[in-house]
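Colleague: I am new to this structure and would like to learn how to read its features. Could we go through it together, one feature after another?

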Amino acid sequence: MTAASSAPESIAAFRHREDLASIPVYRQGKPAPTDRRAFKLSSNENPYGPLPSVVKAIDESALATMNRYPDMHGWKVVERLAKRYDVDPAAIILGAGSSEIITELVNALTGPGTEVIYPWRSFEAYPIIVRGAGATPVEVPLTVDLRHDIPAMIDAITDRTRLIIVNNPNNPTSTTVSRAEAEQLMEAVPSDVVVLFDEAYYQFNTDSDTEVAMDLYRKYPNVVVAHTFSKAYGLAGLRIGFGIGPVPVINEMSKVALPFAVSDVAQTAAVASLDAQDELDARVKDIIAERERIIDALRGQGWHVPPSGANYFWLQLGGLTDAVADKLTEAGVIARVFSGCGIRVSIGTHEANDLVIETCASVISELPAAAEQWGE
Ligand SMILES: Cc1ncc(COP(=O)(O)O)c(C=O)c1O
């Protein structure tokens, strides 16, 4: 059969939601070019491949079941997590990455005429997810030191507020939220307004005064925690994350969940990763040590780098962002560029990090003004 030549490749007009015009398309971190030495440091991925035990677990069982739908609830992962966090399994929901958890929560709680408060700049998916649900984003600017402005977030609460998002550590600025700030927020939020703590990078958070969302979950009735296997666990390509929250909220989220979104391979890899916790902890420790090595080196070169609680660091560069980005790209450092604002660089392998340090040294000698875009 030949392809129908009349198949339309475009359509002049179609009935659809006009409000989608205001939604940006999510931009994926740029890949590294393959024709020269370059490192992809644009998506906060773990630079190491999966642990050998995780690969073995996938080889042995998961690939044999590809003709079957996965367990929709992912009980083997959920039971393991329930024991680890000492919570009711019904309080846990799996998703294809924590992006899906955030999306389900927004879809379950919000809609036209309602508001979602979150810090800005923050994770680029928030405005897309919130607008996608037809809700109104209320973006609260970060403080001058690039942290959540908790009093301003509290001031932004209205009768229309359905959800408040805290991103700790914040992507892309890497800054953390303190225990006192989190408590201040929780004490001010009406108990029927849910607060989401997106802790995608919490394993890298070494700030001794940071809040831990699971502690708040145990203390307040309106906390949902989103975690992922994409970052510390290095399973970004398999798509698995989870939410922990009050059972009635989790129940509503499961109504809007995409059925079978989390593959059996992903579930098997997650269980094997939880079993290999010591090896994973060693990798996380290594990434944290590399992060500190880079930040110390860059500060020594004269850069202002905010303290990082994540597997990336941030350069606030304002109008110099594109100029610095061009120099990094030319040298093979493929970072995430937020034009007119700054650059986020993920921590990579030792070799990649050496290149970052070396390149930053030459950039600041050519563009000393880059150091003056943000003062600590
Ligand atoms: C702050 C934050 N939350 C959530 C996610 C979602 O990650 P995933 O869907 O891979 O779990 C990311 C990914 O970059 C992130 O930076």
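Colleague: Where does M72 lie?

Modeller: In this predicted model, M72 sits in the loop that runs between α1 (52-60) and α2 (75-85).

Colleague: Why does M72 count as partly exposed?

Modeller: The label partly exposed covers relative accessible areas between the 20% limit for buried and the 50% limit for exposed, and M72 counts as partly exposed because its relative accessibility is 45%. Together with Y69 and F260, M72 makes a nonpolar surface patch of about 370 Å².

Colleague: How should I read a sheet, and what is the order of the strands in the open sheet of seven?

Modeller: As a general idea, the strands of a sheet pair through backbone hydrogen bonds, and the pairing is either parallel or antiparallel. Here the open sheet of seven strands has the order β2-β8-β7-β6-β5-β3-β4, and its pairing is mixed. The strands at its edges are β2 (92-95) and β4, each of which pairs on one side only, and neighbouring strands are turned by 20 degrees against each other on average, direction ignored.

Colleague: Which strands does β3 pair with, and is β3 mostly covered or mostly open?

Modeller: Strand β3 (residues 115-120) is mostly covered, since five of its six residues are buried. It runs parallel to strand β4 (residues 136-141), to which six bridges join it, and within this pairing W120 has P141 as its bridge partner. β3 also pairs in the parallel sense with strand β5 (residues 161-167), over three bridges, where V116 stands opposite L163.

Colleague: Which helices pack on these strands?

Modeller: Helix α4 (residues 125-132) packs on the sheet and touches β3, β4, β5 and β6 (194-198), with a direction that makes about 170 degrees with that of β3. Helix α2, in turn, lies across β2, β7 (223-228) and β8 (241-244), and runs at about 130 degrees to β2.

Colleague: What is the order of the open sheet of three strands, and how do they pair?

Modeller: The order is β9-β12-β11, and the pairing is antiparallel. β9 (312-316) and β11 (336-338) stand at the edges with a single partner strand each, so one side of each is left without a neighbour in the sheet. From one strand to the next, the twist averages 15 degrees. Three bridges link β11 with strand β12 (residues 342-346) in the antiparallel sense, and F338 has G342 in β12 as its bridge partner. Helix α11 (residues 321-331) packs on this sheet, touching β11 and β12, and its direction makes about 30 degrees with that of β12.

Notes: Residues are numbered from 1 along each chain as its sequence is written. This is a predicted model: local features need pLDDT of at least 70, side-chain atom pairs count only at pLDDT 80 or more; totals for chains, interfaces and linings use all residues. Side-chain values use heavy atoms; hydrogens and water are left out. Patches are made of residues with over 30% relative accessible area and no salt bridge: like charges are joined within 9 Å, nonpolar side chains (Val, Leu, Ile, Met, Phe, Trp, Tyr) within 5 Å. Accessible areas come from the Shrake-Rupley method with a 1.4 Å probe; for residues, only the protein chains shown count as cover. A salt bridge is a side-chain nitrogen of Lys or Arg within 4 Å of a carboxyl oxygen of Asp or Glu. Helices (H or I, at least four residues) and strands (E, at least two) are DSSP runs, numbered from the N terminus. Buried means under 20% relative accessible area, exposed over 50%, partly exposed in between (1.4 Å probe, protein chains only). Two strands pair if DSSP finds at least two bridges between them. Axes are lines fitted to C-alpha atoms, for helices over the stretch in contact, and angles run from 0 to 180 degrees between N-to-C directions. Contact means heavy atoms within 4.5 Å.
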